[in-house]
Amino acid sequence: MARGRKAGKRTNKTVKLSIPKKTYYILYGIAGNNEQKLSRLIKLIVEEKLSNSTISELSAMLEAKRSKEEEQKEEA
């Protein structure tokens, strides 16, 4: 039997994001108290950041997060 790509429409992956309450309410207000517009706004912000960043800058952000987590584990 030949192996090929699965049938059906390709869909976007879903990502859940945690943000501080204050930031959430600010963005929610900008979106006009509409969850769909809020999702679209967050998607545009993330896409804009990705398009204006290099791979090394994104990697540096990830490394900074890891080192911060390691410091917190050492302190505990």
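Hi everyone, thanks for coming. Please keep in mind that what we have here is a predicted model.

Let me start with the aromatics. How many aromatic pairs does a search of the whole structure find? It finds two. One of them joins Tyr24 and Tyr25: the ring centres sit 5.2 Å apart and the planes make an angle of 75 degrees, so we call this pair edge-to-face. The other joins Tyr24 and Tyr28, where the centres are 5.5 Å apart and the planes are at 15 degrees, so that pair is stacked. If you want the reasoning behind those two labels, planes under 30 degrees apart count as stacked, and planes over 60 degrees apart count as edge-to-face.

You will have noticed that Tyr24 takes part in the edge-to-face pair and also in the stacked pair. Taken together, Tyr24, Tyr25 and Tyr28 form one aromatic cluster. And how are Tyr24 and Tyr28 placed in helix α1? They are four residues apart in that helix, which spans residues 21-30, and this separates them by about one helical turn.

What about solvent? Tyr24 is partly exposed, with a relative accessible area of 26%. Tyr25, on the other hand, has a relative accessible area of 52% and is exposed; the cut-off for that class is over 50%.

Now to the charges. Which residues form the negative surface patch? Glu69, Glu70, Glu71, Glu74 and Glu75 do. To pick out one of them, Glu69 belongs to helix α3, residues 55-75, and its relative accessibility of 39% makes it partly exposed.

Lys37 lies in helix α2, which covers residues 35-51, and Lys37 is partly exposed at a relative accessible area of 43%. Pro20 counts as exposed, at 53% relative accessibility.

Methods:
Residues numbered from 1 in each chain as written. Predicted model: local features only at pLDDT ≥ 70, side-chain atom pairs only at ≥ 80, totals over all residues. Heavy atoms only, no water. Phe/Tyr/Trp six-rings, centres within 6.5 Å; stacked < 30°, edge-to-face > 60°. Buried < 20%, exposed > 50% of the residue type's maximum accessible area, 1.4 Å probe, protein only. Helix = DSSP H or I, 4+ residues; strand = E, 2+ residues; numbered from the N terminus. Patch = residues over 30% accessible without salt bridge, like charges linked within 9 Å, V, L, I, M, F, W, Y side chains within 5 Å. Areas by Shrake-Rupley, 256 points an atom, 1.4 Å probe, with all protein chains shown as cover. Salt bridge = Lys/Arg side-chain N within 4 Å of Asp/Glu carboxyl O. Lys, Arg positive; Asp, Glu negative; His and termini not counted. Charge placed at Lys NZ, Arg CZ, Asp CG, Glu CD.
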